[in-house]
Structures are given as C-alpha cells and as structure tokens.
Amino acid sequence: MTKKISDDAVNKSTGKIWKEWYSILNKAGAKKMEHKDIAKLLYNKYDLSGWWSQMVTVQYEQEIKKRKKHEKKDGYQISKSITLASPVLKVFNSVNSPAKRIVWMKDPGIAITKSTKNKSIRGKWVDKKTNVEFQFYPKEISKTQIVVQHSKINSATNAANMKIYWGKNLRSLKKYLEKK
C-alpha cells in the first residue's frame, strides 16, 4: 500500500479527514463503482481538484476496497521515467528503431502498434500479453523526459520486477545516448 497522506494534510486541502471521505464514498455506493466514476463524483459533487479527486479515490480503493499498489481492473500497471540530456527526436528514434533499441535494451522485441513522432510509442511486450507505452516530453532544446508505462501485468510481484527492469533499461538508454 502506498504511504497514506496524513489526516491533517487531507483535512487542510479537502475539508475532511480520511474517515469522513470513506463514509461519504460508502454512502454514495463507491464500493461498486469504477475508479473513474469515484474520481468524477469527488470532482463534480464535492469540488475536489483533479489531483485530490485521484488521491482520495486511490486511498479509498486501497483502504476500503483493498486494492493493491499498482493494481488496476485489468491487472497491474507501473511506470518509470527519466530526464535525458538529449533532444526529443534523438530519444524517440532510439526507442522507435529496432536497430537502435537492440543496443540499449535487454529485451528489444516490442511489437510496435502505434508510433506518433516525438510524442509516443505503443506496443505489445515480448510476452504478447502486456502493453508498453513510451511518452516523450521535451523539457528544453536538448533535454527530454521519457515515461514508460507497462500495463496488464498479471501480478504484484511481476509489476515490481518490471518497475526495476524499466529503471535499469532507462539508465541503459541514458548511457547509450551519452555515447552518441
């Protein structure tokens, strides 16, 4: 479970402590609602910001619905990011090109299903069951943040392992780009 925001902090920002939010959501039928519907309820009916709507929803799901860290309705999802001292086109091409990807990535056999230049790459992972998405965010002329999101992972253990895996591979990408 993720570290819980204190009652004082949630009360200061939302006007209620966790117990009050859990009671409100239970009365609203949130135990049977999807994540997006709970967040939408909090945003629309209780005027919480988008961020607080998500935080209250996640905490409720973990505390009351017993959702595990990284768990979604179709499996587990993790993400990892790094900011690289390279322009977005160079980073994008290093991921998009199978010939370049094989140099820095341990398992480069992603089946790319959609690629939007300098913005995103989506594909099926080598297991043909899980999905991988790369998002590219230019930070300056010569810096880019890359975010990898891996979804539909079948267990919490595999999700934790993939988070470590992607951390190592992003560091490998950084080294690869520094040599170029």
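Which residue just after helix 2 takes a positive phi? In this predicted model, that residue is glycine 29, with a phi of about 85 degrees.

**Close-up 1. Helix 2 and its buried side.** Helix 2 spans residues 18–27, and its buried residues are Trp18, Trp21, Tyr22, Ile24 and Leu25. These residues lie on the same side of helix 2 because they cover an arc of only 165 degrees around the axis. They pack against three helices: helix 1 (7–14), helix 3 (35–45) and helix 4 (50–63). Exposed Lys19 and Lys27 are carried on the face of helix 2 turned away from the buried side. Glycine 29, with its positive phi, follows just after the helix.

**Close-up 2. The largest nonpolar core.** This core has 27 residues. Val95, Trp125, Phe134, Phe136, Ile146, Trp166 and Leu173 have the most contacts inside it. At least two core residues come from each of strand 2 (75–84), helix 5 (88–96), strand 5 (131–140), strand 6 (143–153) and helix 7 (156–179). Helix 7 gives the most, with eight residues. A second, separate core of 14 residues includes Trp21, Ile24, Ala30 and Trp52. In soluble globular proteins, nonpolar side chains tend to be buried together.

**Close-up 3. Surroundings of phenylalanine 134.** Leaving aside residues up to four places away in sequence, phenylalanine 134 touches Val95, Ile110, Lys119, Ser120, Ile121, Ile146, Val147, Val148 and Trp166. Among these neighbours, Val95, Ile146 and Trp166 are listed with Phe134 itself among the residues with the most contacts inside the largest core.

**Close-up 4. Helix 5 against helix 7.** The axes of helix 5 and helix 7 come within 11 Å and cross at roughly 120 degrees. That angle makes helix 5 oblique to helix 7, and the crossing is right-handed. On the helix 5 side, the residues that meet helix 7 are Lys90, Val91, Ser94 and Val95. Their partners in helix 7 are Leu173, Tyr176 and Leu177. Val95 and Leu173 also belong to the residues with the most contacts inside the largest nonpolar core.

**Close-up 5. Asparagine 93 and asparagine 118.** Asparagine 93 lies in helix 5. Its relative accessibility is 26%, so asparagine 93 counts as partly exposed. The C-alpha atoms of asparagine 93 and asparagine 118 are separated by 8.2 Å, although these two residues are 25 residues apart along the chain.

Technical notes: Residues are numbered from 1 along each chain as its sequence is written. This is a predicted model: local features need pLDDT of at least 70, side-chain atom pairs count only at pLDDT 80 or more; totals for chains, interfaces and linings use all residues. Side-chain values use heavy atoms; hydrogens and water are left out. A nonpolar core is a set of buried Ala, Val, Leu, Ile, Met, Phe, Trp, Tyr and Cys residues joined through side-chain atoms within 4.5 Å. Buried means under 20% relative accessible area, exposed over 50%, partly exposed in between (1.4 Å probe, protein chains only). Helices (H or I, at least four residues) and strands (E, at least two) are DSSP runs, numbered from the N terminus. Contact means heavy atoms within 4.5 Å. The arc is that of the directions from the helix axis to the C-beta atoms. Axes are lines fitted to C-alpha atoms, for helices over the stretch in contact, and angles run from 0 to 180 degrees between N-to-C directions. Angles under 35 degrees count as roughly parallel, over 145 as roughly antiparallel, 65 to 115 as roughly perpendicular and the rest as oblique. A crossing is left-handed if the near helix is turned anticlockwise from the far one by less than a right angle, and right-handed if clockwise.
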